[in-house]
Amino acid sequence: MHLESTTDLSIIYSNLNKSKSNKENIILISTGAMNPIHRCHISNMIKTKQYLENIHDYNVIAGYISPTHDEYVQEKLGNYFIPSHHRINMCQKAIQEENQQDWLAVDKVEYNQDDYKSYDISSTLIRQKLKLNENCSHLTYNSVLEYVQTIPNYY
């Protein structure tokens with residue numbers, strides 16, 4: 001269930017108040033492990049927003065990145081699992097680093113559930129590079145890489 005504590009609705013209200021057009025309003029949601037979030041996650045949201053607004057004349061008033069529940073991510077990734085509170089923080093940092101916080105936010109409803117409810121290659125590559133201490137800044141955000149280094153026993 002979406003609550004003020006899990007979903008920042010202020011972005012929707014603010015952008016609705018700013019909008020003076022008669023265009024149909026759209027809200028985007030992207031779900032996934034975000035383990036860790038990478039440039040393609042944010043880029044896909046930005047490109048989808050641009051496409052819908054420029055080609056189909058919609059008004060994208062908000063977008064949400066929703067990291068999947070820990071149970072699913074831990075089962076899928078085993079030792080490469082990053083706990084949800086860290087994935088949430090990394091998503092917030094990536095949105096800020098990309099300067100998209102006026103329309104894009106992290107939705108915490110999936111990870112906040114009691115258990116997993118069903119609603120990529122780049123993340124796997126990032127984890128492999130981190131494990132080998134290789135540079136992967138071209139794949140994800142510097143703030144995310146710095147944050148990953150603070151997680152005990154991640155790599």
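How do the residues of the lining of the largest pocket divide into nonpolar, polar and charged? The legends below take up this point and others in turn.

The structure is a predicted model, in which local features need pLDDT of at least 70 and side-chain atom pairs count only at pLDDT 80 or more, while totals for chains, interfaces and linings use all residues. Residues are numbered from 1 along each chain as its sequence is written, and side-chain values use heavy atoms, with hydrogens and water left out.

Figure 1. The chain has six helices and three strands, which are DSSP runs numbered from the N terminus (helices: H or I, at least four residues; strands: E, at least two). Of the 155 residues, 45% count as buried, where buried means under 20% relative accessible area, exposed over 50%, and partly exposed in between (1.4 Å probe, protein chains only).

**Figure 2. The largest pocket and its lining.** This pocket has a volume of about 170 Å³. Of its 14 lining residues, D8, Q92, L104, A105 and V106 are the closest to its centre. Helix α4 (84-97) and strand β3 (104-106) each supply at least two residues of the lining. The lining residues divide into five nonpolar, six polar and three charged. Here Ala, Val, Leu, Ile, Met, Phe, Trp, Tyr, Cys and Pro count as nonpolar, Asp, Glu, Lys and Arg as charged, and the others, Gly among them, as polar. A pocket is an open set of points on a 1 Å grid over the protein atoms alone where a 1.4 Å probe fits, with protein on both sides within 12 Å along at least five of seven lines; lining residues have an atom within 4 Å of a point. Grid points are joined across faces, edges and corners, and the volume is the space filled by probe spheres set on the points.

**Figure 3. The salt bridge between D57 and K23.** The structure holds three salt bridges, each a side-chain nitrogen of Lys or Arg within 4 Å of a carboxyl oxygen of Asp or Glu. In the pair D57 and K23, the closest N and O atoms are 3.3 Å apart. D57 lies in the loop between α2 (39-54) and β2 (59-67), and K23 in the loop between α1 (10-18) and β1 (25-32), so the pair ties together parts that are 34 residues apart in sequence. D57 is partly exposed at 44% relative accessibility, and K23 is partly exposed at 34%.

Figure 4. K49 and E53 form a salt bridge with their closest N and O atoms 3.2 Å apart. K49 is buried at 17%, as is E53 at 19%. D70 and R87 also meet in a salt bridge (2.7 Å, N to O). D70 is partly exposed at 22%, whereas R87 is buried at 0%.

**Figure 5. The largest nonpolar core.** This core has 25 residues, and those with the most contacts inside it are L28, I37, I42, I65, M90, W103 and L104. Helix α4 gives the most to the core, with five residues. Domain 1 (9-115) and domain 2 (118-154) both give residues to the core, so it lies between them; the domain bounds come from an automatic or database domain assignment. A nonpolar core is a set of buried Ala, Val, Leu, Ile, Met, Phe, Trp, Tyr and Cys residues joined through side-chain atoms within 4.5 Å.
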